[in-house]
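Here's a quick briefing to go with the structure below. Have a look at the fold first, then at the charged side chains.

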Amino acid sequence: MSQNCLSDRFIAQCSSDNGFEIQNQGDAERLSSCTQFRGDIVISSRTRDDISLSGIRSISGDLTVDGASNLTSLSADSLETVRGKFVLNDLQILSSLQMPKLTEVGDIRFLGLPNLASLGFSKNVQKCSTLNIQNTFLSSLSGINLQEVDGIYVANNRM
């Protein structure tokens with residue numbers, strides 16, 4: 001295989017105009033060589049695996065998990081930036097969220113997370129246009145220390 005073909009395949013794997021859907025951990029591992037992903041990443045509502053996004057430092061689009069009823073853990077060890085929306089919606093058994101390097105997000109929308117008791121944002125999210133956190137088990141917003149924000153809505157949490 002020529003060097004060009006390898007390069008083209010790598011570029012195609014690290015970007016998608018239609019979004020990249022993750023249905024299992026194997027799909028997530030396909031992105032592990034990407035430090036930057038251009039486009040949206042969607043974790044399927046049908047996933048039965050806990051999902052770990054390793055190696056990705058930046059997502060130019062959205063990171064969305066909506067209605068994944070079997071997801072208990074979501075992690076991204078290297079993720080620093082999500083330029084679009086970071087959406088966690090209706091994840092009834094999600095109890096672990098670990099993104100220790102995340103500092104910048106376009107919008108955060110965490111809705112309907114009755115088992116999520118803490119945010120694993122060790123470096124603190126400091127920049128976010130809109131923060132919307134509703135109906136979670138969070139007792140604090142430790143891990144979010146916004147220096148820039150356009151709007152905040154926090155309601156019906158354990159706090």
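**Salt bridges and overall build**

With a relative accessible area of 25%, Glu 104 counts as partly exposed, since that value falls between the 20% limit for buried and the 50% limit for exposed. Keep in mind that this is a predicted model.

- Glu 104 pairs with Arg 83 through a salt bridge, with an N to O distance of 3.0 Å.
- That pair ties together distant parts of the chain: Glu 104 sits in strand β9 (residues 104-113) and Arg 83 in strand β7 (residues 81-89), 21 residues apart.
- Lys 127 also meets Glu 104 in a salt bridge, this time at 3.9 Å from N to O.
- Here too the link runs between distant parts of the chain, with Lys 127 in strand β10 (residues 125-136) and Glu 104 in strand β9, 23 residues apart.
- Lys 127 is partly exposed, at 35% relative accessibility.

**Another salt bridge to look at**

- The structure has seven salt bridges, and one of them joins Arg 46 to Glu 21, where the closest N and O atoms are 3.8 Å apart.
- Those two partners come from distant parts of the chain: Arg 46 is in the loop between β2 (36-43) and β3 (51-52), while Glu 21 belongs to strand β1 (residues 15-22), 25 residues apart.
- Arg 46 is exposed at 55% relative accessibility, whereas Glu 21 is partly exposed with a relative accessible area of 38%.

**Fold and dimensions**

- The protein chain contains two helices and 12 strands.
- Reading from the N terminus, the elements go α-β-α-β-β-β-β-β-β-β-β-β-β-β.
- The radius of gyration is 16 Å, close to the 15 Å that the globule rule gives for 159 residues, so the protein chain is as compact as a globular protein of that length.
- The C-alpha trace spans about 55 × 35 × 25 Å along its principal axes.

**Packing, surface and charge**

- Of the 159 residues in the protein chain, 43% are buried.
- Among contacts with a separation of 6 or more, 17% are between residues 24 or more positions apart.
- The protein chain has an accessible surface of about 7,900 Å², and carbon and sulfur atoms account for 41% of that.
- There are 13 positive and 17 negative charges, and their mean positions lie 3 Å apart.

Terms used:
Residues are numbered from 1 along each chain as its sequence is written. This is a predicted model: local features need pLDDT of at least 70, side-chain atom pairs count only at pLDDT 80 or more; totals for chains, interfaces and linings use all residues. Side-chain values use heavy atoms; hydrogens and water are left out. Helices (H or I, at least four residues) and strands (E, at least two) are DSSP runs, numbered from the N terminus. The radius of gyration is taken over C-alpha atoms; the globule rule is 2.2 Å times the number of residues to the power 0.38. Buried means under 20% relative accessible area, exposed over 50%, partly exposed in between (1.4 Å probe, protein chains only). Contact means heavy atoms within 4.5 Å. Accessible areas come from the Shrake-Rupley method with a 1.4 Å probe; for residues, only the protein chains shown count as cover. Lys and Arg count as positive and Asp and Glu as negative; His and the chain ends are not counted. The place of a charge is taken as NZ of Lys, CZ of Arg, CG of Asp or CD of Glu. A salt bridge is a side-chain nitrogen of Lys or Arg within 4 Å of a carboxyl oxygen of Asp or Glu.
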